[in-house]
Amino acid sequence: MRAGDRLVIGAVRRSGPWPAVLTVTAVVGAAGELAVPYLVGRTVDAFVMRQPGGTPWLVLSACAVAAVVACESLGVWARGAGGAYAAAKLRRSVLRHVLGAGPAATRRFPGGELVTRAGLNAEEVGRAPETVTGALALLVPTVGALVALTLIAPVLTLTLLAGIVVILLVLRAFLRASTVISGGYQQVQGDIAARLVDAMEGARTIDAAGTAAQEARRVLAPLPRLRAHGMSLWRANAGAAVQSGLVVPLLEVAVLIAGGFMLAAGSLTVGELYAAARYAVLGAALSTSLGFIGGLARARAAAERVAEVFGLTPVAHGTRTLPPGPGTVEFRDVAVDGLTVGDLTLPGGSVTAVVGRSGAGKSLLAALAGRLADPERGAVLLDGIPLRELSREELRSAIGYAFERPVLVGETVAEAIAGEPGAALGGRRAPGDEGPVADAAKAACADAFIRRLPLGYGTPLRDAPMSGGERQRIGLARAFAQGERLLVLDDATSSLDTVTERQVSQALTSDRRDRTRLIAAHRPVTAARADQVVWLEDGAVRAHGPHDVLWQDPAYRAVFQGTEP
């Protein structure tokens, strides 16, 4: 069984009470539809032959019709609620899995693709309970019609059975074709979404360069492919509808012809002939399931795309805790994704600057130190313990990480820095002691602008408009507040002005807690303040040592050409 089909079945099983509600309404409604021809037939016979008791049959017919209408109404409501429930549950699972996989998710899928798979595709899979129960419910009138026709006249059953076989073959071919076409359609949707997200991220650059028209053409370039898939899907649907639709009138005519001869021979009554004709139509109800089959095809195709996300391997954490130590980081024979680090040690409490041209691997080295990436070969240790063996809580409390474009998490500014709900500056403290949140903000040169906010540290993030540099300083403060042994700064001062950047660099190099610091450096002044420099070139460590020693090499000096001294 394909992964997508397993996901569809799982969506049906884990959709709460709604599949059961849909099943009950479908079965009861189908039973009502089966009862209507019989009851109407008895009513017709009673009135045509002027037999007593026609009125009760008429009342029963009306009740059966009312039951069918009620079941249809309840089914519509249950389909909407069930689809929303299943889609929401699947979206939460996808989100948890993506976050559990970490940066590997965005390396595997562009941002727009992840949004499409977690949003639109998950919604399609969420409709699986509706489509599956709807299609299966159509089997009830089909089987019931076969039984009823057999009771009326077994010879008519053979005619209906032949028509059902033809309809099933048409539906099977349609399911296969539309699954493939829907998959192509959804793939193009994801491609367009990925291009659009890229364009939105670079909107200011596009506007400044005056290339909006060219970028719009790039984003919409896949539209012809989208149209082609849409037309193919429409043609497949139209072809299947014509083929299966022709079977219904042919079946009805065949039953009427055969039943007419039986009526003339006196082996059928008028009411029985009417019921037989209606049962022939009900028995061919599978021909009306194209909508359900098309929905199932889209759900299967979407499930394949969502299953690829679930195929990402979540980051596995151990259970160990760190022993007492200064925060020594060791790279032992480490290599990953084109970067060869080999053996390298960051002494506890030291400051290490990582320098290199763009694409040399600075961010990847920082990711290895913070365990946002795992080496393909070798191991990274913190105070003698491999990072893979540390528990999630121990790892994230030991290492503070700051990025170029940080995402601020929490309700208030204080929560964004402390990383926990309810964080604030309140409480009894000695004069001048404002707690770790304010201390971290001061080290990141963020305290002054935070205090100018309407509620200071208690200001909700949504009410705190911040520039890129201010957001970056909040991200730095978060790293200062949370990293107990190691601070990793990956281009985390790129949006700061020169004065602020120097102040932050001084705070980093004179950290009162004497934590180990790893900084992706772009300016020689930052490298000069470090205890050691790791120089990356062409995906490998070319050299490491003090800045003033490496500065003697013209190739090292060339790394900083065009930067401020």
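This report walks through the pockets, cavities, strands, surface patch and salt bridges of a predicted model.

## The largest pocket

Start with empty space. Rolling a probe the size of a water molecule over the atoms shows where such space is left. The largest pocket holds about 2,100 Å³. Its lining has 49 residues, and those closest to its centre are Gly 102, Pro 103, Thr 106, Leu 372 and Phe 403.

Which helix gives the largest share of the lining? H4 does, with five residues. By class, the lining of the largest pocket has 22 nonpolar, 12 polar and 15 charged residues.

## The second largest pocket

The second largest pocket has a volume of about 400 Å³. It is lined by 21 residues. Closest to its centre are Ala 26, Glu 33, Glu 72, Ala 137 and Leu 138. The elements that give two or more residues here are helix H2 (18–48), H3 and helix H6 (128–137). H2 gives the most, with six residues.

Sort this lining by class, and it divides into 11 nonpolar, six polar and four charged residues.

Now turn to cavities. A cavity is a space where the probe fits but cannot get out. How many cavities of 30 Å³ or more does the model have? The count comes to two. The largest cavity holds about 50 Å³ of space.

Its lining includes Leu 368, Arg 371, Ala 373, Asp 374 and Pro 375. Ala 379, Val 380, Pro 386, Leu 387 and Arg 388 line it as well. Seven of the lining residues are nonpolar, none are polar and three are charged.

## Strands that pair

Strand S1 (residues 329–336) and strand S4 (residues 377–382) run antiparallel. Five bridges join them. In one place, Glu 330 has Leu 381 in S4 as its bridge partner.

S4 also pairs with strand S5 (residues 385–386), again in the antiparallel sense, over two bridges. Here Leu 382 stands opposite Ile 385 in S5. S4 and S5 form a hairpin with two residues between the strands. In that hairpin, Asp 383 takes a positive phi near 50 degrees.

## A nonpolar patch on the surface

Look next at the surface. Leu 136, Leu 139, Val 143, Val 147 and Leu 151 form a nonpolar patch there. Together they have about 490 Å² of accessible area.

Which helix supplies the largest share of this patch? Helix H7 (residues 139–152) does, with four residues. Val 143 is one of the patch residues, and it lies in H7.

## Salt bridges

Finally, look for charged partners. The whole structure has 22 salt bridges. One of them joins Glu 308 and Arg 117. Their closest N and O atoms are 2.7 Å apart.

Where do these two residues sit? Glu 308 is in helix H13 (residues 290–310), and Arg 117 is in helix H5 (residues 111–126). The two residues are 191 residues apart, and the pair links distant parts of the chain.

Technical notes:
Residues numbered from 1 in each chain as written. Predicted model: local features only at pLDDT ≥ 70, side-chain atom pairs only at ≥ 80, totals over all residues. Heavy atoms only, no water. 1 Å grid on protein atoms, 1.4 Å probe; cavity = no way out; pocket = protein on both sides within 12 Å on 5 of 7 lines; lining within 4 Å. Points joined across faces, edges and corners; volume = space filled by probe spheres on them. Nonpolar A, V, L, I, M, F, W, Y, C, P; charged D, E, K, R; others polar. Patch = residues over 30% accessible without salt bridge, like charges linked within 9 Å, V, L, I, M, F, W, Y side chains within 5 Å. Areas by Shrake-Rupley, 256 points an atom, 1.4 Å probe, with all protein chains shown as cover. Salt bridge = Lys/Arg side-chain N within 4 Å of Asp/Glu carboxyl O. Pairing = 2+ DSSP bridges.
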